[in-house]
Amino acid sequence: MLGFLSARQTGLEDPLRLRRAESTRRVLGLELNKDRDVERIHGGGINTLDIEPVEGRYMLSGGSDGVIVLYDLENSSKQSYYTCKAVCSIGRDHPDVHRYSVETVQWYPHDTGMFTSSSFDKTLKVWDTNTLQTADVFNFEETVYSHHMSPVSTKHCLVAVGTRGPKVQLCDLKSGSCSHILQGHRQEILAVSWSPRYDYILATASADSRVKLWDVRRASGCLITLDQHNGKKSQAVESANTAHNGKVNGLCFTSDGLHLLTVGTDNRMRLWNSSNGENTLVNYGKVCNNSKKGLKFTVSCGCSSEFVFVPYGSTIAVYTVYSGEQITMLKGHYKTVDCCVFQSNFQELYSGSRDCNILAWVPSLYEPVPDDDETTTKSQLNPAFEDAWSSSDEEG
Amino acid sequence: MTSWQAHQRPKDAKVVFLLSMMQSFSDSGGQTPPGAGEVCALPRRLIPTWPPAPLNTAQESPGVRALGGSQSAVGVGPCLADVVRVSASPPPLPTLTGLRDDKLTPSSSSPGLGGTPGETVRHCSAPEDPIFRFSSLHSYLFPGTIKSRDMSRKRHHLVPETFGVKRRRKRGLVESDPLRGEPGSARAALSELMQLFPRGLFEDALPPIVLRSQVYSLVPDRTVADRQLKELQEQGEIRIVQLGFDLDAHGIIFTEDYRTRVLKACDGRPYAGAVQKFLASVLPACGDLSFQQDQMTQTFGFRDSEITHLVNAGVLTVRDAGSWWLAVPGAGRFIKYFVKGRQAVLGMVRKSKYRELLLSELLGRRAPAVVRLGLSYHVHDLIGAQLVDCISTTSGTLLRLPET
């Protein structure tokens, strides 16, 4: 560490390298910390978590009881022991609360004044954070599994919604109605995700084992259907391409948007090149996945080798993204973990599970160096036994 | 397998080669390597030898304990720790050919190879005496390369591999067991596994089939194994075939074996012509698992009747309307034995107390009659497919059923 600092000081190393190295070291040291807690509000399992991208301070959680809670993650007290308090919540007594389980919540990408939530009660609700009222409600014919709003786009405010029907609906927040439908899947859409690199690229994952990449400006259909065998590309065969050998449950772009990770119920996780849809054939081994709905996993951001955090039963498995090696399994939850999010400013991981807990995984710092021995020995020694002679042998 | 192989780990490959190279230098009995000022008997004193064995003698047995000792190295870096702790006794040379591939390709040229220990030395945070001596050894061996490499080494290697390593060691389940002694390439693994296939059971009508999961049990890094298999597939040495019972299970067959067996199977039958045309034109050209309608009719000029012949011959299996999987004729029996045998071996683990069994005990038991392909064949497959967890214990490898 000192070597890094001196190299940075003298200009031998780029400052970014030190930052990445330190981030990587912190991520590798993630563990449960007895000093950090998240207040327990939910009465049911927690389905979704989202941290606001602006400051990384506030976190939303949606539970299977329909409750949405907003937490403040910042530790403004001077003590090391800190509980992340709930700032406010939309509980069962709120007039506009979702009737059934909340599946996805997401902050508005550009500020914390607004957030969206979608639920099994076939609605997508847009909330105003300051007044905690719904600003808009979109109704659908089928239960909503997942929704996502583009994190980088400034040209459109489309929210992609994946429901139990095979059509992906794009709702426009400006006009308040559904503007597009994307057709191509055959069964329910379990996960949708916009690319963090391009404004108009959307990835959708469905229970028919297919993952499709769309450009929403294009009227004629999807750009690519991902094929796990990397077979020859020909139009006639698009129908036979499958990304997984089971339902595809979760989607996550890497932070630079160049690669896409997918998990499926065939217990596999695959890494794809998002520009040409090629399977990079990185093998992560068996990634247990029994979820009937979407699985929300996340990728680290800002480390020298990126890590992916995948809920694996009641633990969270950590893999390096590009080499497929399993780093560790984070154990701490009592029941199945459903979602996890990564806070990239402090390299912390928050995970929610069916045991109604949100756990905070914090990088474990070095053990505090014990103080000099003199202070401890002095306190232990009874003054009656102390002598007035100096303990040094050199003095006369 | 000899006991030293039981302790060998993939990362030792680099060390192994390095030590043999050092031995070759010292063996030249004081001949100066090109450009070196003085090469004295430095290697002997520098490397901490435990047990004390001079560098020049090639003894296997001291190497056993020394290599075993390397497992408990403190977190400085696996290659570095191995370099420091592994004693001066060089490994037996035959392993080198197998070990070259994945770990050594970045440092294939000798200055690059010599540079590696120096590089690992550089970013070590806790300098220990042997390491400094080792770096000076490096400078003796390759003096001409030092100055130009200093700056570039610093630039590229201050990014901490050490940080990563410290954490990974805690996980610590990298085991070495007799089934996994092979840190080498996928090709070596394939040859070894083909030996396990019972040819006599099928009266030599089936080519030896190896499963992809078995290769994973011998080559611990799956991504590397996948890439090597893909290379072999592209070179045309192996064919990968979809075995029907599980979409994930891929069978691997050497192309030569496949060709001879298929020709023998279709001898004298009405579809022989179509099969021969298929083997001659399609197999070398297209290395995929599956074939499409337009590919077959337009590119290779097959008529529909010929495609029907191929399906009847067992060379193609229907996948979807207009697409077919490549298949092995007569593989049905193999798949039946395989599925039953897999269930039986899993059942052996399941029925044991606490649902776990020592690997040595499992291999020592008598196989139930359902297991026709051999116990070790199935055990490789179970380990590679992660149907059992491999845990290293003091009494050897333990196979345990996962809780989920």
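In strand 9 of chain B, B:Arg400 is the bridge partner of B:Glu356. Helices (H or I, at least four residues) and strands (E, at least two) are DSSP runs numbered from the N terminus. The model is predicted: local features need pLDDT of at least 70, side-chain atom pairs count only at pLDDT 80 or more, and totals for chains, interfaces and linings use all residues. Residues are numbered from 1 along each chain as its sequence is written, chains are lettered from A and ligands numbered from 1 in the order in which they are written, and side-chain values use heavy atoms, without hydrogens and water.

Strand 9 (residues 396-400) of chain B is joined to strand 7 of chain B by three bridges, and these two strands run antiparallel. Two strands pair if DSSP finds at least two bridges between them.

The interior may be considered next. A nonpolar core is a set of buried Ala, Val, Leu, Ile, Met, Phe, Trp, Tyr and Cys residues joined through side-chain atoms within 4.5 Å; buried means under 20% relative accessible area, exposed over 50%, and partly exposed in between (1.4 Å probe, protein chains only). The largest such core has 40 residues, and B:Tyr258, B:Val275, B:Phe278, B:Met296 and B:Phe334 have the most contacts inside it. Helix 16 of chain B gives the most to this core, with seven residues. Beyond its neighbours within four places in sequence, B:Phe334 is in contact (heavy atoms within 4.5 Å) with residues including B:Phe197, B:Leu243 and B:Tyr377. A second, separate core of 18 residues includes A:Cys252, A:Met269, A:Cys288 and A:Phe297.

Chain A contains three helices and 30 strands, and 56% of its 396 residues are buried. One of its residues, A:Ser353, is found in strand 29 (residues 348-353). A:Ser353 counts as buried because its relative accessibility is 0%. Not counting residues up to four places away in sequence, A:Ser353 touches several residues, among them A:Gly45, A:His333 and A:Asp338.
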